[in-house]
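Please look over the sequence and the model before reading on.

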Amino acid sequence: MFDLTSRDIKYLPGVGPQRAAILNKELSVCSMHDLLYYFPYKYVDRSRLYYIHEIDGNMPYIQLKGEILSFETFGEGRQRRLVAHFSDDTGVVDLVWFQGIKYLSGRYKTHTKYIVFGKPTIFNGRINIAHPDIDPAEGLVLSDMGLQPYYNTTERMKRSGLNSHALGKLTSNLLALLKEPMPETLPEWLVKQHQLMSLDEALRNIHFPHTPESLRRAQYRLKFEELFYVQLNILRYAKDRARKYNGFIFSQVGDIFNTFYRHYLPFELTSAQKRVIKEIRRDMGSGRQMNRLLQGDVGSGKTLVALMSMLIALDNGYQTCLMAPTEILASQHYDTIRKLLGSMPVKVELLTGSVKGKKREAILRSLTLGETHILIGTHAVLEDTVCFSSLGMVVIDEQHRFGVAQRAKLWNKNTRPPHVLVMTATPIPRTLAMTLYGDLDVSVIDELPPGRKPIQTIHQFDNRRASLYASIRKQIQEGRQVYIVYPLIQESEKMDIKNLEEGYEHICAEFPEYKVSKVHGKMRPADKEAEMQRFVTGETQIMVATTVIEVGVNVPNASVMVIENAERFGLSQLHQLRGRVGRGADQSYCILVTGYKLSEDTRKRIQIMVDSNDGFEIAEADLKLRGPGDLEGTQQSGIAFDLRIADIARDGQLLQFVRDIAQAVVDGDPTESNPQNAILWTQLKMLRKTNINWSAIS
Ligand code: ADP
Ligand code: MG
């Protein structure tokens with residue numbers, strides 16, 4: 001048995017140095033092992049043939065047998081296309097190619113029998129199959145084809161003949177080379193207990209399944225293993241850390257907390273806030289270092305929870321720090337918290353990049369002396385010059401904007417790592433949170449403070465602008481303010497979207513009687529802050545912006561959120577944007593403006609927004625529609641997401657299942673010495689070495 005991980009892919013029959021270079025570059029396939037783990041993304045039953053006269057426009061992939069009658073090319077430049085008229089005696093379809101025309105002409109012959117495979121569509125009354133797969137019919141036995149694997153490939157690969165078909169061929173060459181079964185990567189007891197397919201069988205069947213049932217079992221085995229090791233990694237690491245880092249013990253809730261609670265708290269806490277504060281209190285008193293993720297929809301009152309948790313730290317003689325992703329958010333927190341604390345003897349300071357010179361020195365000094373109790377700031381608080389006398393707890397707002405490395409930096413601000421509370425309004429579905437932040441405990445505020453009027457969401461086509469502007473005007477006349485958001489400016493692409501500049505001029509012309517602010521990501525931070533401030537203070541009535549306003553900004557007087565080209569935003573992002581309004585007592589509106597022509601998918605997504613105000617419901621729906629790769633928060637978190645086969649949206653149940661098994665293994669074999677589990681620890685070590693993202697999970 002040779003070790004496939006150390007076998008360069010170029011030595012596989014049919015590859016060679018040139019194709020190997022392409023496989024490296026395009027798919028990161030470097031070894032034979034990599035190729036074996038490059039799984040098909042779909043399978044198609046190719047045992048059945050259709051006749052052309054049976055085809056309608058709603059069929060999935062189908063297979064035809066016939067001949068090409070003639071070729072034609074149409075159009076010029078980017079419009080150019082090659083058409084082959086293909087017939088099977090019951091009718092004619094057009095096979096169409098938009099790319100690789102030069103390479104294709106000459107490749108297929110007329111009056112030769114081919115099997116054509118693809119998805120038919122009706123275009124101008126004719127049946128089209130774009131970019132079909134074509135195989136010579138001679139020698140092809142349909143019943144042998146079974147489920148045909150399909151592999152993702154890139155344009156560059158296709159140009160070198162490395163299409164899906166070729167990849168299948170290479171994989172089959174590789175499997176033929178394996179004279180002995182692939183060594184098992186799960187312990188025998190686990191395979192037995194859950195009646196899993198062996199690794200060897202699973203790998204063979206994932207590429208070339210004999211039956212749908214064997215495919216299903218192969219998929220189950222491989223998903224099981226993948227999710228299991230992800231969880232084992234996280235849970236084992238969590239256990240290590242629990243052993244390593246004793247937390248500060250905040251044993252008491254004292255005067256500061258109680259005085260605030262009895263005399264300063266301006267409203268009743270919601271029961272969700274109460275529950276979460278209790279959870280946090282328990283964590284911080286347990287002797288274990290707290291690592292808690294606090295999720296709560298926009299407007300659910302996380303700031304108050306953060307403040308009250310910080311007061312517990314103060315009661316126990318420690319300092320605390322609250323970090324926010326932008327200056328404007330940091331200074332809003334500063335103002336809010338100062339106001340809430342009123343005349344209480346708690347010293348709060350604000351530290352951002354723009355605090356300089358003497359003022360800065362004074363803040364740093366009072367921190368070192370332990371005079372400042374609560375430090376609020378941006379990334380500036382991470383700098384080495386910022387030293388606390390006894391930092392005991394840290395709150396990070398809008399966690400998804402910060403990476404793992406930044407969290408680690410805060411840990412090092414005391415000899416023992418402080419308790420950490422990260423807060424986010426980007427609702428991360430539970431399954432995803434478990435995978436991303438496996439060892440963070442999760443608290444959820446699932447209730448809004450009373451008296452909020454739910455935001456009314458309306459879908460409007462962009463040809464009804466007049467009535468849209470009329471409603472905006474009416475709101476402003478009633479003293480409210482309005483956001484108008486455009487998709488990001490992409491100067492390079494001449495897309496027909498109204499970009500921000502145009503939008504701004506348009507709005508200024510439309511509303512000459514009002515003042516309009518404009519904010520986008522390419523402005524200097526200081527200018528941006530200043531412009532935001534003008535809106536916050538009510539100097540301007542309309543804010544035209546890109547998504548830079550999405551996080552946390554609080555302008556209770558703003559009651560209308562208009563989102564232009566809403567179809568271009570992800571659902572979670574739309575929800576975040578919508579959360580900027582509905583913060584005051586007035587009825588608020590979110591207006592989603594789109595073009596008239598929408599795909600089925602887009603229509604569905606917009607409808608979800610209109611129907612639901614629940615961030616978690618929306619996030620789950622988003623995950624289902626888009627897949628986790630695109631989900632906001634995963635990319636910025638610094639933890640890339642590369643599951644080969646499991647799908648977080650669909651395999652949530654399996655994830656939970658294997659997590660329990662992994663937990664039992666970690667608990668039952670704490671010294672990792674049970675010989676029955678030997679495979680697990682070796683395999684885990686190997687995975688941690690080869691998958692850099694894994695070692696970043698904390
Ligand atoms: P977010 O969770 O989005 O950060 P905030 O903490 O900014 O939400 O709170 C939103 C608003 O709700 C603030 O104006 C805050 O004062 C108010 N609020 C928070 N908790 C309560 C409560 N229990 N009752 C009434 N209003 C509350
Ligand atoms: Mg907030």
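## Basis of the model

The model is predicted, with local features needing pLDDT of at least 70 and side-chain atom pairs pLDDT 80 or more, while totals for chains, interfaces and linings use all residues. Residues are numbered from 1 along each chain as written, chains are lettered from A and ligands numbered from 1 in written order, and side-chain values use heavy atoms, without hydrogens and water.

## Surroundings of ligand 1

Ligand 1 is surrounded by 16 residues, a residue being counted when one of its heavy atoms lies within 4 Å. Among the closest are Glu268 and Arg452. Helix 12, residues 302-315, gives the largest share of this shell, with 3 residues; helices are DSSP runs (H or I, at least four residues), numbered from the N terminus.

A polar side-chain atom of Gln273 lies 2.9 Å from a nitrogen atom of the ligand, and a side-chain N or O atom of Lys302 lies 2.8 Å from an oxygen atom of ligand 1.

## Helices 11 and 12

The axes of helix 11 (residues 271-285) and helix 12 come within 10 Å and cross at roughly 30°, where axes are lines fitted to C-alpha atoms over the stretch in contact and angles run from 0 to 180 degrees between N-to-C directions. Residues in the contact (heavy atoms within 4.5 Å) include Gln273 and Ile277 of helix 11, together with Leu304 and Met308 of helix 12.

Technical notes. Polar contact = N/O pair within 3.5 Å; in protein donor to acceptor, adjacent residues only side chain to side chain. Helix = DSSP H or I, 4+ residues; strand = E, 2+ residues; numbered from the N terminus.
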